[in-house]
Amino acid sequence: MRRDVLDNINPTAALVYFAVVICAAVILFHPLASALSLAAALAYGSWLRGARSMKYFFGFAVPIGLITVAVNALFVHRGLTVWFYLGDTQITWEAVIYGGCAALMIAAVLMWFYDMSVVMTSDKFIYVFGRILPSASLMFSMTMRFVPCFVSRAGQIAQARRALGCSDGEKVRGGLKTVSVMTTWALENSIDTADSMKARGYGRPGRSCYRAYGWRGGDIVFLAAAAVLGFLVFASGISFQCYPRVQHSGDLIGFMALAALCAAPVILDAREEIIWMYSKSKI
Amino acid sequence: MDVFKIEDLTFTYPGRQIPALSNITLKVHKGDFITLCGRSGSGKTTLMRLLKPALAPHGIQSGRIAYAGADQEVEVGFVLQNPENQIVTDKVWHEMAFGPENLGWDSETIRMRVAEMVSYFGMQSWFHKEVKELSGGQKQLLNLAAVMVMNPRVLLLDEPTAQLDPIAAADFLDTVARLHREIGTTILITEHRLDYLLPLTERMVVLEKGRLIVDETPAKGTALLAEGRHVMFRSMPAVVQAYAKAREKGLPVGARAPLDIHQGRQWMESLLGDVPLRRRRMEDASSATKHRQDAIGDDMIAVEAKNIWVRYERHGQDVLKGLSCKVHAGECFAIVGGNGSGKSTLLKAVCGVKPPYRGRVRLFGRRALMLPQDPQSVFGCETVREELEEMTGDAADVQRMAEEMTLSALLDAHPYDLSGGEQQRLALAKVLLGEPDIVLMDEPTKGMDNAFKDQVGAMIHRLTASGRTVILVSHDIEFCALYADRCAMMFDGVLTTSGTPRHLFAGNHFYTTACSRMSSGCFENAVLPEDIAELLAENLMPWEAAPEKGAACGMGAGREEKA
């Protein structure tokens with residue numbers, strides 16, 4: 001991952017930002033808004049992860065979008081303008097457009113979630129929810145630790161059994177056997193984990209929660225700016241309807257606020273980069 | 001000042017007749033560095049756990065354990081054997097903060113202590129990593145750091161390096177020694193790998209069947225064990241064994257046993273002095289027979305790999321890079337080499353779990369099965385009997401195999417309730433029920449004490465005696481030198497050299513047995529404690545008592561003996 005503004009601000013601020021942006025895309029449901037949001041999400045994703053984000057976009061978000069369009073056009077027959085008949089099924093323009101808008105919105109949301117998964121690592125979630133839900137967040141962290149362990153162990157066991165000449169040609173039974181071996185193993189080995197927790201004082205009263213991040217002035221400014229832009233977006237009355245016929249409303253300020261909101265990480269990252277280039281030139 | 005005062009401690013597990021610990025009296029002074037040794041099941045772990053109330057086992061206890069300090073629970077830190085299972089959270093930094101959080105420290109204090117610990121242990125480069133990205137050695141260092149961050153006065157370590165490769169193990173033990181030296185932490189450690197640890201420690205406590213039999217400095221303690229020809233002696237460092245073997249032969253070896261290679265070399269030099277050497281070379285007993293086997297030709301080849309290439313991911317690195325080798329039928333072929341050199345991958349290629357994408361492996365119609373590194377990975381049944389029945393439908397076969405592996409008394413036990421050695425035997429029994437011609441073993445001695453290694457060695461000899469071929473990979477050079485017919489060294493995806501253990505390890509200067517390192521310069525080809533004792537004896541015996549042809553010296557004499 002490259003240097004990034006959202007990665008460096010307080011995780012609570014970053015999480016609030018993602019929540020506002022994703023809510024905006026879902027609630028507005030306006031093709032222009034979705035397109036703006038998607039473009040910003042793509043730009044941000046490729047800043048964070050380069051070609052890998054494009055792979056996710058074309059390999060996952062685009063197919064889902066296309067399926068959405070097709071399903072909506074084939075199974076929804078509302079709308080006044082008939083485009084053509086497919087056998088006995090009437091395909092209306094409104095249904096196709098609605099499908100297209102939904103596809104744009106879903107793609108935008110998927111890409112924002114992708115960006116969020118890059119920035120908001122598990123430890124940041126734990127930080128955000130650690131104070132409200134201390135034991136749940138510890139459980140979450142332990143799960144994040146346990147799952148990769150479990151998966152790699154399952155691979156080891158399947159391999160060991162194959163090398164032992166068991167489960168020849170019986171994929172399903174071999175798999176079930178692996179699961180049963182895994183369960184025994186996990187239960188046995190969790191004793192060690194429990195011992196290690198007890199040995200380090202887990203269960204004593206008055207457990208604290210380490211706050212790895214603090215609040216800085218910039219974090220608060222960022223959060224406040226996101227709130228103002230979010231307010232402008234929701235207050236501007238952007239709306240879109242397909243059925244029975246296509247209608248939309250929205251003013252320039254709303255869209256500009258949305259564009260600024262969605263593009264904020266990319267703009268801020270670009271600004272940092274320029275400042276860095278400039279200060280580097282002075283070295 | 002005594003940190004722990006243990007008086008007449010006896011401990012019995014519920015439902016057992018024989019106590020796990022009996023009449024232990026031990027004082028642990030402030031700043032002690034104690035190695036606690038003993039065979040598996042001698043009560044080491046029980047004793048350690050009784051010193052840490054949170055981990056103390058249930059049972060009947062008499063006698064007294066007095067701790068001099070305010071809060072035994074916080075001031076005694078404990079590191080367990082398995083690096084993987086001890087880690088609780090998914091991030092390195094979170095793991096470090098876990099203990100302090102439990103003690104209710106505020107964030108500012110935690111930040112300071114963690115920063116201090118990370119800097120002291122040199123963990124900066126992987127502080128932000130996820131636990132799953134770490135190597136085994138790093139994981140165990142993390143466990144140590146996560147305990148040390150709570151600032152314990154006493155550190156208990158229960159076989160902390162059993163699951164690590166030798167280099168990571170040495171690294172870990174060095175860090176522990178540094179904690180003792182610089183921070184003054186009182187340390188109690190149990191270990192099988194005494195070669196490295198014993199010279200670092202100040203006191204050696206030996207348990208046998210729950211009784212304390214030795215509590216001395218390492219130099220005196222090892223000499224005591226050598227004198228008594230004790231079973232535990234097999235677990236002592238190779239240097240000490242060379243000393244004891246020489247002593248058995250009646251040589252004037254001195255009262256002080258050398259502990260490490262440096263001392264060993266000095267000891268040898270002082271013994272030999274200016275004596276002109278009559279014989280300085282060990283001959284290779286097995287080389288002649290193996291050459292004959294080579295001459296027999298290809299029908300004696302059990303496994304032939306020709307230019308094999310293996311990788312795990314399509315865009316990943318090659319792990320095996322055009323490896324070729326031949327393994328003879330009925331021999332034990334051992335592959336040594338560092339971490340990530342591709343040893344285990346070669347075994348997977350041979351048994352077909354990971355076929356090469358180029359080149360080929362020929363088994364000539366033989367069946368190759370692999371004994372997994374961790375026996376638990378093939379246990380999925382409720383009883384030992386079911387485990388065995390899974391491999392064969394024939395009840396008679398199960399009985400026969402159980403007897404052969406001395407598991408008959410345990411047929412109705414749960415596989416996880418067996419001891420480490422028994423689990424290994426059960427896994428091997430499962431392998432053998434599959435009627436393999438070739439048995440592959442991945443690190444069969446990992447985490448085992450020397451007495452158990454001898455059992456594994458005996459098992460290997462039984463297999464080869466019955467005409468089966470054994471291919472094993474190991475980090476354990478001493479074990480390979482003792483039990484393999486041929487050894488090969490793996491590096492960077494190919495086998496660099498191969499030959500008889502003596503040939504390979506005498507040729508190496510760094511990657512070789514302790515005895516070979518100790519005797520290089522004085523003797524040639526001496527790789528085992530026996531070799532050193534034998535050569536010392538021949539050179540130091542009075543002239544008249546010397547063996548035949550005493551006057552003819554050097555390599556020539558050795559050759560003639562063979563001929």
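Colleague: What stands opposite B:A368?

Modeller: B:I438, in strand 15 of chain B. Bear in mind that this is a predicted model.

Colleague: In which sense do strand 14 and strand 15 of chain B pair, and over how many bridges?

Modeller: Parallel, over four bridges. Strand 15 of chain B covers residues 438-442.

Colleague: And the side chains on strand 14 of chain B, which way do they point?

Modeller: B:A368 and B:M370 point one way. B:L369 and B:L371 point the other way. All four are buried.

Colleague: OK, on to the contact between the chains. How many residues does each chain put in?

Modeller: Chain B gives 49 residues and chain A gives 43 residues.

Colleague: Which one has the largest share?

Modeller: Helix 4 of chain B, with seven residues.

Colleague: Next, domains. How is chain B divided?

Modeller: Into three pieces by name: domain 1 (2-216), domain 2 (235-282 + 523-562) and domain 3 (287-507).

Colleague: How far apart are the centres of domain 1 and domain 2 of chain B?

Modeller: 39 Å, taken over C-alpha atoms. The two domains are in contact, with six residues of domain 1 of chain B against six residues of domain 2 of chain B.

Colleague: What classes are those on the domain 1 side?

Modeller: Four nonpolar, one polar and one charged.

Colleague: Switching to chain A. How many helices and strands?

Modeller: Ten helices and four strands. Along the sequence the pattern reads α-α-α-α-β-β-α-α-α-α-α-β-β-α.

Colleague: How much of chain A counts as buried?

Modeller: 35% of the 283 residues. As for contacts in chain A between residues at least 6 apart in sequence, 70% join residues at least 24 apart.

Colleague: Now the backbone. Which peptide bond in chain A is cis?

Modeller: The one from A:Y243 to A:P244, with omega near -5 degrees. A:P244 sits in the loop between strand 3 (239-241) and strand 4 (247-249) of chain A.

Colleague: And what is phi at B:K209?

Modeller: Positive, about 45 degrees, although B:K209 is not a glycine. B:K209 is in the loop between strand 8 (203-208) and strand 9 (211-216) of chain B.

Colleague: What about B:N525?

Modeller: Phi of B:N525 is also positive, near 65 degrees, and B:N525 is not a glycine either. B:N525 lies in the loop between helix 20 (514-519) and helix 21 (529-540) of chain B.

Colleague: Why is B:N525 counted as buried, and why is B:K209 counted as partly exposed?

Modeller: B:N525 is buried because 21 other C-beta atoms lie within 10 Å, and the cut-off is 20 or more. B:K209 has 15 C-beta neighbours inside 10 Å, so B:K209 counts as partly exposed.

Conventions:
Residues are numbered from 1 along each chain as its sequence is written. Chains are lettered from A and ligands numbered from 1 in the order in which they are written. This is a predicted model: local features need pLDDT of at least 70, side-chain atom pairs count only at pLDDT 80 or more; totals for chains, interfaces and linings use all residues. Two residues are in contact if their C-beta atoms, placed from the backbone, lie within 7 Å. Helices (H or I, at least four residues) and strands (E, at least two) are DSSP runs, numbered from the N terminus. Domain bounds come from an automatic or database domain assignment. Ala, Val, Leu, Ile, Met, Phe, Trp, Tyr, Cys and Pro count as nonpolar, Asp, Glu, Lys and Arg as charged, and the others, Gly among them, as polar. A residue is buried if 20 or more other C-beta atoms lie within 10 Å of its own, exposed if 12 or fewer, and partly exposed in between; C-beta atoms are placed from the backbone. Two strands pair if DSSP finds at least two bridges between them.
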